[in-house]
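Visitor: I am new to this structure and would like a short tour. Could you take me through it step by step?

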Amino acid sequence: MKYISTRGKAPALSFEEVLLAGLASDGGLYVPEFMPRFTPEQMNALRTLSYDQLAIEIMYPFVEGCVPRGDFTDIVEDTYDSFAHVAVAPLKQLAANEWTLELFHGPTLAFKDFALQLLGRLVNYVLEKRQQRVAILGATSGDTGSAAIEGCRHSKWVDVFILHPHQKVSEVQRRQMTTVAGDNVHNLAVEGNFDDCQRMVKASFGDQSFLNGLPLVAVNSINWCRIMAQIVYYFYAGLSLGAPARSVAFSVPTGNFGDIYAGYLARNMGLPISRLIIATNRNDILHRFLSQNLYHMAPLAHTISPSMDIVVSSNFERLLFDLHGRDGAQVAALMEKMNHEDVSIEPYRWNFARELFDSCAVSDEMTLATIKQIYEETGEVLDPHTAIGVYAARACRQDSATPMVTLATAHAAKFPEAIEKAGLEQRAGLPKHLADLYERDERFTVVPNDVKAVQSFMQKQLNP
Ligand SMILES: *Cc1c(COP(=O)(O)O)cnc(C)c1O
């Protein structure tokens, strides 16, 4: 499989190259040259597989030519062995024909483990083969940092540097990053906000000379490997609920449009998905686009669902590429225009998106009310991101005969403040493997809000 850029100018790359690449050289994002498709007969044969076996079948076409099947099998089996539930991504019923897909049984209790546990192992595999060291650099406002650290900590070829805004992430989220032992794990608490962290990451990728030739690798949500891993659980849920004979609808708590874009790809691969609901918090740029055909950047709002607090949705460019007939020049012009003005697309393209996608923006008040309501109806405690998904699922539901699945993107124990605000006395406790999180030793370095300070810290760690 080859990968091409959404802006049409960068060279096509192999899977191995996009795994380590980040942004394309023309500023675009890499997408597969074509989508593999499964026929109904082929899907029927997948219905009885375990999660890891299914994952191998769904993902292999994307890595073929780079990773031999036997090695890929070992890597995928090892990846999903690290999950605490034998079903890996269990479905839980909320009401008649209404479900959540629990994606929080990985090491850091959020769905990002599905992708980053795999990505860490694949990066290690490729580097081992090349006998090459790299540095991974990322900024986090919460869930990505811990998932990236957990995914890469065991690789002797990788040093992981994660920037978080000092005293501006929740205690659970901070501890999940800072209590991981390992000489190759480096947590930097920046005396600034998340935007400052992101700015420093961007500047360091823009000019990597401070690393004297050591490659810098990005693991943010635009990395193709992350999208690929997320396609699998749409198939897993759909096949469990009757696909290919029966259609399924999904509601997806959305920030950077990565997770829901994976659902769109699952549909392109043959899974009968009738509807994909974009569930956002007050940072609703995608909802405004879907409901008004207007792409307008608004200032960042801080909400009780911090992992969806975004200004722009970077992966949305991948959908725009398809909506524009995969014409990179048109996408490049559109993205350039978005930097300084509000943008609409031709109505027929917009209507095409609306045939599949629906959207709903949910306030903090409605999020808290949903946590409370679902607890009263079922005894389940939802995390605030999942609650947004469930609210949107119910608000947008068109057809009660089609199963509606909300992706449960995080465990409630990650967001104790929100659960308390929802008025639930029975707090969701941390699962067994994290029960002693508050007693573990923390390791992090506070650095000034200055890119030179960050880079010289990295230099010292890499060349002690
Ligand atoms: C990252 C995250 C999201 C948003 O996912 P995107 O792929 O950016 O749309 C939603 N919920 C939780 C808990 C997350 O960590």
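Guide: One term is needed at the outset: contact means heavy atoms within 4.5 Å. Please also note that this is a predicted model.

Visitor: Understood. Which residues is Val-252 in contact with, leaving aside its neighbours within four places in sequence?

Guide: With those neighbours set aside, the contacts of Val-252 are Tyr-234, Asp-259, Ile-260, Ile-277, Ile-278, Ala-279 and Leu-407. Val-252 itself belongs to strand E10, which spans residues 248-253.

Visitor: Is Val-252 buried or exposed?

Guide: Val-252 counts as buried because its relative accessible area is 0%, and the cut-off for buried is under 20%.

Visitor: And how far is Val-252 from Ala-148?

Guide: In sequence, 104 residues separate Val-252 and Ala-148. In space, their C-alpha atoms are 21 Å apart.

Visitor: Let us step back to the whole protein. How many helices and strands does the protein have?

Guide: There are 18 helices and 14 strands. The radius of gyration is 21 Å, close to the 23 Å that the globule rule gives for 464 residues, so the protein is as compact as a globular protein of that length. Along the principal axes, the C-alpha atoms fill a box of roughly 60 × 55 × 50 Å.

Visitor: What share of the residues counts as buried?

Guide: Of the 464 residues, 59% count as buried. The protein exposes about 18,200 Å², and carbon and sulfur atoms supply 49% of that area. As for contacts with a separation of 6 or more, 76% are between residues 24 or more positions apart.

Visitor: Now the charges. How many salt bridges does the structure hold?

Guide: It holds 22 salt bridges. One of them joins Glu-346 and Arg-349, with the closest N and O atoms 3.1 Å apart. Glu-346 is partly exposed, at 35% relative accessibility, whereas Arg-349 is buried, at 10%.

Visitor: Which residues do salt bridges with shared partners join into one network?

Guide: That network consists of Glu-171, Arg-174, Arg-175 and Glu-442. Within it, the side chains of Arg-175 and Glu-171 meet at 3.1 Å, N to O.

Visitor: Where do Arg-175 and Glu-171 lie?

Guide: Both are in helix H7, residues 171-178, and they are four residues apart, about one turn of the helix. In general, an α-helix has 3.6 residues a turn, so residues three or four places apart point the same way. Arg-175 is buried, with a relative accessible area of 10%, while Glu-171 is partly exposed, at 34%.

Visitor: How far apart are the mean positions of the positive and negative charges?

Guide: The mean positions of the 41 positive and 53 negative charges are 2 Å apart.

Visitor: One more topic: which residues of helix H11 are buried?

Guide: In helix H11, residues 285-292, the buried residues are Ile-285, Leu-286, Arg-288, Phe-289 and Leu-290. Arg-288 also forms a salt bridge with Asp-284, the closest N and O atoms being 2.9 Å apart. Both Arg-288 and Asp-284 are buried.

Visitor: What covers the buried residues of H11?

Guide: The cover includes strand E11 (273-280), helix H12 (316-323), helix H14 (347-356) and strand E12 (357-361).

Visitor: And what follows H11?

Guide: Asn-293 follows H11, and the phi of Asn-293 is positive, near 50°.

Terms used
Residues numbered from 1 in each chain as written. Predicted model: local features only at pLDDT ≥ 70, side-chain atom pairs only at ≥ 80, totals over all residues. Heavy atoms only, no water. Salt bridge = Lys/Arg side-chain N within 4 Å of Asp/Glu carboxyl O. Helix = DSSP H or I, 4+ residues; strand = E, 2+ residues; numbered from the N terminus. Buried < 20%, exposed > 50% of the residue type's maximum accessible area, 1.4 Å probe, protein only. Rg over C-alpha atoms; globule rule 2.2 N^0.38 Å. Areas by Shrake-Rupley, 256 points an atom, 1.4 Å probe, with all protein chains shown as cover. Lys, Arg positive; Asp, Glu negative; His and termini not counted. Charge placed at Lys NZ, Arg CZ, Asp CG, Glu CD.
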